[in-house]
Amino acid sequence: MIQHRLVLIHPVDPRSAARGLAARLEGILARRPDDFSVLFVGVDECGDLSLGRPVGFEASGRPYDFLPVMRAQRSGWTPGGDVSWSARLAFRLAFLRRLAVIRDLADGERASTELHDAGWAPLARLLGNPIVQVVDPPRREAGRLAAIDEFVALRLASRIVGDHATVRRLRGLGAAVAAKTEILRLPSPTGSVESGACPESEIQRLYERHRRFYRVGRAGAAHPAVA
């Protein structure tokens, strides 16, 4: 069986108390199918890991590789939650410093990246793999920088998923975005789920989005197959 290498990028330490988006990522890791191996690029909140070196973790008995690229800062950093603008910049720079290592660990005959924050899309593009971008409803306090991040992420993504309201909004942005956008109801960062949604089946659909990039043989193909 050919393993599909999936990369998750988010500045969180999976050992911290899971909440919000960190809890969603934990659920995705715990439901990893047998034909997937996962590399989670994040941060070290405890100060006991070697930066730039992968370590094996488990989520509900499902193994994955965790690669810390920096120590979490005391100021502007909420464990398992949001990070300030300066902390986000620090994570970007730390990712770039470890880019060669991340590329090696992210490589595979079948490989793709999944993002739950639009701000990391330019980093993901540097890996050269297809990107599945999960888009959540915008927060009221989201500013211009968040809008710019989303603009860039939507154009770099190979596939875009979100809830009904989000997909309706994104499809109004033009044909190019609409063609690669679909409804997928995941637990929200606040921990709630849309009425009628089944987290288990929806998470498996999320993994299926990654598989579809390679349904058409890569031999002689210039680009991965589009779902």
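**Close-ups of a predicted model: sheet, hairpin and cavity**

The protein chain has a mean pLDDT of 85, with 82% of its residues at 70 or more; pLDDT is the predictor's confidence in each residue, from 0 to 100. This is a predicted model, so local features need pLDDT of at least 70 and side-chain atom pairs count only at pLDDT 80 or more, while totals for chains, interfaces and linings use all residues. Numbering starts from 1 along each chain as its sequence is written, and side-chain values use heavy atoms, with hydrogens and water left out.

**View 1. The open sheet.** Eight strands line up in the order E3-E4-E2-E1-E5-E6-E7-E8, with mixed pairing. The edges are E3 and strand E8 (181–183), each of which pairs on one side only. From one strand to the next, the twist averages 30°. Strands (E, at least two residues) and helices (H or I, at least four) are DSSP runs numbered from the N terminus, and two strands pair if DSSP finds at least two bridges between them.

View 2. Strand E3 (residues 55–59) runs antiparallel to strand E4 (residues 62–71), and five bridges join them. Phe57 has Tyr64 of E4 as its bridge partner, and Glu58 has Pro63. Two residues sit between the strands, and Ser60 in the turn has a positive phi of about 55°.

**View 3. E2 beside E4, with a helix on the sheet.** Strand E2 (residues 36–44) pairs with E4 in the parallel sense over five bridges. Here Phe40 meets its bridge partner Phe66 in E4. Helix H2 (residues 85–97) packs on the sheet and touches strand E1 (4–9), E2 and E4, its direction making about 110° with that of E4. Contact means heavy atoms within 4.5 Å; axes are lines fitted to C-alpha atoms, for helices over the stretch in contact, and angles run from 0 to 180 degrees between N-to-C directions.

**View 4. The cavity.** A cavity is a set of points on a 1 Å grid over the protein atoms alone where a 1.4 Å probe fits but cannot get out, and lining residues have an atom within 4 Å of a point. The largest cavity has a volume of about 60 Å³, that being the space filled by probe spheres set on the points, which are joined across faces, edges and corners. Ten residues line the largest cavity, with Asp13, Pro14, Ala22, Glu26 and Phe40 nearest its centre. Helix H1 (residues 21–30) gives the largest share of that lining, four residues.

Technical notes. 1 Å grid on protein atoms, 1.4 Å probe; cavity = no way out; pocket = protein on both sides within 12 Å on 5 of 7 lines; lining within 4 Å.
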